[in-house]
Structure formats: C-alpha cells, structure tokens
Amino acid sequence: MAENFDLGIIGAGPAGYTAALHAASTGLKVILFEKDKIGGVCLNRGCIPTKTILHSAELYEEMKCAQELGIYAEKLDFDFSKIIEHKDKTVEKLRKGIELALKNAKVTLINAAAKLIDKNTILADDVTYKCSKIIVATGSEPKSLKGMEFDHNYILNSDDILNLTGLPESILIIGSGAIGTEWARILAAFDVEVTVIEAAEHLLPLADTDISKRLERIFKSKKIKFYTSTTVEKIDNTKIHLSNGETVSAEKILVAVGRKPCLDEKIEGVSYIGDVCGEIQLAHYAIKQAISEVSGIPFDKSLVPSVVYGCPEIAWVGLREQDLEAGSYQKATLLISSLGKSHCDNCSDGLIKILTQNNKIIGAHIVSKEASALIQQITLAIQNEISINKLKEICFAHPTYSEGIFECLFKI
Ligand SMILES: Cc1cc2nc3c(=O)[nH]c(=O)nc-3n(C[C@H](O)[C@H](O)[C@H](O)COP(=O)(O)OP(=O)(O)OC[C@H]3O[C@@H](n4cnc5c(N)ncnc54)[C@H](O)[C@@H]3O)c2cc1C
C-alpha cells in the first residue's frame with residue numbers, strides 16, 4: 001500500500017533540501033529522495049570543496065610573500081593529503097548540519113534512486129510513494145567533449161579532480177568559466193604548471209569584457225598560460241593538438257566546459273528546480289527557485305550575482321557593457337589601488353565598474369578582495385531601484401572596499 005505525502009522531492013542538493021525544509025516548516029508532510037550524499041554537487045563536489053581547497057591555496061600563496069610584511073615562516077611547504085583531509089572534514093561537518101536540519105524538520109529521507117512515474121507517483125527501491133505535489137531537483141553533471149571523453153585518470157572532470165591524491169606537475173584546463181578559472185588559480189598557487197584553453201575571445205566569457213581582460217592580466221602575473229579563441233582539436237596519446245596549429249602536453253587535462261541537466265523527460269504538472277532546469281546553474285539560483293516554488297516568494301532572475309573565487313575575487317550583477325548600446329548609459333570605473341584598505345591588505349589589484357542609466361545602477365563588475373560581499377550591496381541597490389543621489393547619502397565605513405562603490409558613484 002502506497003504511503004501518501006503532501007510533497008515529494010527527488011534530489012537533495014541545494015534546490016531539493018531547501019524546498020524540503022521550507023515546505024516542512026509550513027507543516028507539509030515531505031519526503032525527500034537522494035541516491036547519493038545529502039547536499040548534492042554544491043556541498044560534495046562543487047562550491048564547498050573547491051572553496052575549502054582554494055582557501056588553503058590562498059593561504060599558501062599569501063605565505064610565500066609574508067616576509068614582505070615582516071612575517072617569517074621557515075620551510076614553507078604544504079601537504080596535499082592534509083588539505084584534502086581538511087576539505088573532507090569541512091564537507092562532512094556541513095552535511096551533518098543539513099541532515100540534522102532535515103531530521104528536526106521531520107522530513108522523511110529515502111536514500112535511494114527515485115523514479116518519477118507520473119505527476120503524483122514516485123518509485124524507489126520497489127516502493128511506491130504517492131505525493132500531492134512533486135518537485136524534481138536532480139541537478140546536473142559535467143559535459144564532456146566529443147573525442148575527449150573522461151577516462152577519469154588523464155582526462156578529468158570537476159568530480160575527478162577532487163579525488164586526486166596528489167598534484168600533477170602540469171595541467172591543461174579546457175574552459176575558463178568559473179570552474180576552470182577557480183581550478184587554474186588553485187593549482188597555480190600550488191606551483192602546478194597551468195595552461196588554459198578558451199574558445200571565446202576572452203577568458204571568463206560570461207563576464208563583462210573589462211573584467212575578462214583584468215583576469216587575463218592576473219593570469220599573466222601568476223604565470224598561468226592561456227590561449228583564447230582556441231580549441232582543442234584532438235588528443236593523440238599525450239599530445240594535445242590546438243586549433244591554432246600548436247601542440248602542447250600536460251600530465252592531466254581538466255575539461256570544464258559546462259554541465260548538462262540530469263533529466264530523462266519532463267512530466268506536466270511536476271515542478272523542476274535548480275540545475276536540472278538548465279538555466280542559471282548556481283547554488284543560490286537553485287535555492288531561490290526552491291523558496292519561490294514552495295513559499296511563493298518571488299525573485300528577479302535578471303539579478304542573480306555571479307562570483308568567481310580566488311585572489312582577488314571577481315563578481316558581477318546586472319547588465320554588461322558589451323550588451324549596451326553606445327551612448328545609452330554612463331559608466332564609472334575605480335581602481336582598487338585607490339583604496340587605502342587594499343594597501344593595508346597588500347591586495348591592490350582590481351577595479352570596480354558601475355554602469356548606470358537614468359540615475360540608477362543597471363550593472364556592476366568588480367575585481368577585488370571581498371568582491372563577493374561588495375556585489376551584494378549593488379544587488380540591493382539595483383533591485384530596490386535606489387537612485388545614485390540616494391546612494392550618495394549612505395555612509396560607508398573607512399577603510400573598506402565598500403568605499404570603492406561610494407567613490408565610484410561620485411565619478412558618474
Ligand atoms: C566545481 C564546482 C564548483 C561550483 N561552485 C559554485 C559556487 O561557488 N557557487 C555557486 O553558486 N554554484 C557553484 N557550483 C554550482 C552548484 O554546485 C550547483 O548550481 C548546485 O549544486 C545545483 O543544485 P541542485 O540542487 O539543482 O543540484 P545538485 O546539487 O546537482 O543536486 C542534485 C541531487 O540530486 C540527486 N539525484 C539525481 N538524480 C536522482 C534520482 N533519480 N534519485 C535520487 N536522487 C537523485 C543527486 O545525487 C544530487 O545529490 C559549482 C559546481 C561545481 C561542479
């Protein structure tokens with residue numbers, strides 16, 4: 001006899017577990033199916049593990065220059081296995097937190113692959129579950145390139161690279177989106193020889209072109225080799241043939257060319273949220289979709305901030321300059337080196353670019369330490385249509401990076 005639930009959710013990534021927690025808090029009887037580990041890609045193979053390893057990489061990189069700041073550490077070195085151990089502990093701690101929250105919310109959790117039968121029926125481990133409403137949040141998986149399928153040893157995806165037990169001497173990264181860029185920065189910090197191949201004209205093709213160009217400067221300064229407007233034609237043993245006629249080689253190849261939804265077919269009457277939709281594949285977008293689906297709280301899909309982590313961070317929200325008609329907007333740019341705090345922190349590389357129309361911000365593009373926090377201030381301003389004059393009335397603390405936003409406003 002089938003058990004009945006108000007809401008059935010397939011997939012316990014950020015989309016699925018957020019939907020489950022919010023629905024349960026309103027008193028609904030919720031069942032959540034997960035075939036792997038709670039937390040999905042974000043917690044187990046995405047946002048959290050990469051940012052944890054990145055933090056170790058940044059610390060190591062900073063320590064290399066610590067003497068300039070009067071700090072001496074003898075025999076500076078790193079132990080990659082300990083870095084991975086720390087990453088695993090961080091992930092486990094956070095996973096336990098979500099598991100506890102689901103338990104406290106009385107969400108029924110089934111650790112099994114679930115199959116959607118119809119808009120009210122889910123099958124898992126030969127048991128049928130009836131649900132008044134069903135949400136599919138099955139996420140996404142790495143895309144491969146034709147003729148360069150993952151062998152999980154030489155040609156890696158973003159899951160494989162997290163399973164490395166040691167670092168390669170060299171790596172070729174195909175794709176310079178957020179994942180490719182973050183791994184390039186992590187590995188270069190650990191002295192791996194990194195080469196990035198990007199098919200588009202500039203690195204980080206989804207960013208504003210000024211930001212991409214800035215990243216190119218940063219890559220050069222960190223000795224990360226890159227080719228733009230270039231593709232990998234074929235891999236012949238260990239020879240990697242590029243579209244520009246050059247041949248390169250590397251101990252490992254990371255393919256980071258995007259992700260594809262984990263979806264069989266859509267069933268009418270069922271809701272699909274998160275990466276499975278193939279829209280904006282970001283954890284905070286998945287979370288907002290979940291809350292919107294369950295609690296009806298709307299959000300503006302054109303105002304989803306993007307962040308690329310590393311030192312300095314890169315973040316943007318709203319419109320890009322290359323998408324605007326000449327003469328239809330104003331812009332102001334401020335170099336981070338003009339801010340006192342950036343010199344206190346020995347991190348003065350970067351810029352803030354603000355685009356405006358009719359006395360309101362329509363887009364912002366930032367390369368700076370703390371850019372992930374700065375972009376949220378701009379998102380608030382755009383979403384609430386706060387005029388430039390009103391923003392100028394706000395008191396920004398000193399010395400901070402936020403002051404850069406304030407100073408930029410006076411340049412418009
Ligand atoms: C390397 C990397 C770094 C990233 N960094 C960031 C970042 O810094 N910031 C950011 O916002 N985003 C980042 N992302 C993207 C982010 O991880 C995803 O956008 C997010 O995880 C999507 O959440 P989701 O719930 O839609 O899907 P997922 O997290 O993919 O979760 C889907 C879940 O469904 C389960 N599932 C699938 N099919 C079934 C089934 N039939 N039965 C039961 N369970 C099933 C899966 O096992 C999985 O646990 C990163 C991604 C990667 C790969």
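Reply: In this model, 14 residues of domain 2 are in contact with 14 residues of domain 3, two residues being in contact if their C-beta atoms, placed from the backbone, lie within 7 Å. On the side of domain 2 that touches domain 3, helix H5 (178-189) and helix H6 (209-221) each supply at least two residues, and the largest share, 6 residues, comes from H6. By class, that side of domain 2 has 7 nonpolar, 2 polar and 5 charged residues, where Ala, Val, Leu, Ile, Met, Phe, Trp, Tyr, Cys and Pro count as nonpolar, Asp, Glu, Lys and Arg as charged, and the others, Gly among them, as polar.

The model is a predicted one, in which local features need pLDDT of at least 70 and side-chain atom pairs count only at pLDDT 80 or more, while totals for chains, interfaces and linings use all residues. Residues are numbered from 1 along each chain as its sequence is written.

The chain is divided into domain 1 (3-141 + 259-295), domain 2 (144-255) and domain 3 (306-409), with bounds that come from an automatic or database domain assignment. The C-alpha centres of domain 2 and domain 3 lie 29 Å apart.

Turning to the sheet, an open sheet of 5 strands has the order S18-S19-S22-S21-S20 with antiparallel pairing; two strands pair if DSSP finds at least two bridges between them, and helices (H or I, at least four residues) and strands (E, at least two) are DSSP runs numbered from the N terminus. Strand S18 (306-308) and strand S20 (330-335) stand at the edges, each with a single partner strand, so one side of each is left without a neighbour in the sheet. S20 is joined by 6 bridges to strand S21 (residues 351-357), and the two run antiparallel; within this pairing, Lys-331 has Leu-355 of S21 as its bridge partner.

Helix H9 lies across S18, strand S19 (313-318) and strand S22 (360-368), running at about 10° to S19, with axes taken as lines fitted to C-alpha atoms, for helices over the stretch in contact, and angles running from 0 to 180 degrees between N-to-C directions. Ala-371 is found in H9, which spans residues 371-383. This residue, Ala-371, is buried, because 27 other C-beta atoms lie within 10 Å, the cut-offs being 20 or more for buried, 12 or fewer for exposed, and partly exposed in between, with C-beta atoms placed from the backbone. Not counting residues up to four places away in sequence, Ala-371 touches Val-307, Pro-312, Glu-313, Ile-314, Ala-315 and Ile-366.
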